[in-house]
Amino acid sequence: MVCDNAVELLRELQRDTWLPEYNSELIRLTVEEINELFNELLQLLEIPNDEEHSAEELCQILGQHTCIERNKRCLLAYIKYR
């Protein structure tokens, strides 16, 4: 599911009493997810000059942008805590 890897990074920090080992695998997966969402977002934004986005497309654009922002915030929180 979207944003699960980023949230798992923060849960990992919360579970442990000591600072856990740097989880480069989850960070890599989260960055890949951000890149995939961004590429999908770019494809959605490409429309012919005379057409407008439908309401469904606008909701999808907003949802994907929100997921990208959430993943970024989780990564920044993980790095700052470390």
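The largest nonpolar core comprises 12 residues, namely L9, L13, L26, I27, I34, L37, L41, L44, I61, I68, L75 and Y78, where a core is a set of buried Ala, Val, Leu, Ile, Met, Phe, Trp, Tyr and Cys residues joined through side-chain atoms within 4.5 Å, and buried means under 20% relative accessible area with a 1.4 Å probe, protein chains only. At least two residues of this core come from each of α1 (4–15), α2 and α3, helices being DSSP runs of H or I of at least four residues, numbered from the N terminus; α2 gives the most, with six residues. This is a predicted model, in which local features need pLDDT of at least 70 and side-chain atom pairs count only at pLDDT 80 or more, while totals for chains, interfaces and linings use all residues. Residues are numbered from 1 along each chain as its sequence is written, and side-chain values use heavy atoms, with hydrogens and water left out.

Helix α2 (residues 24–45) packs against helix α3 (residues 55–81) at an angle of about 155°, their axes lying 10 Å apart. The two helices are therefore roughly antiparallel, a term for angles over 145 degrees.

In the segment before α1, C3 has a phi near 75°, a positive value in a residue other than glycine. Most residues other than glycine have a negative phi. C3 counts as buried because its relative accessibility is 5%.

Note on methods: Axes fitted to C-alpha atoms, helices over the stretch in contact; angles between N-to-C directions. Parallel < 35°, antiparallel > 145°, perpendicular 65-115°, else oblique. Buried < 20%, exposed > 50% of the residue type's maximum accessible area, 1.4 Å probe, protein only.
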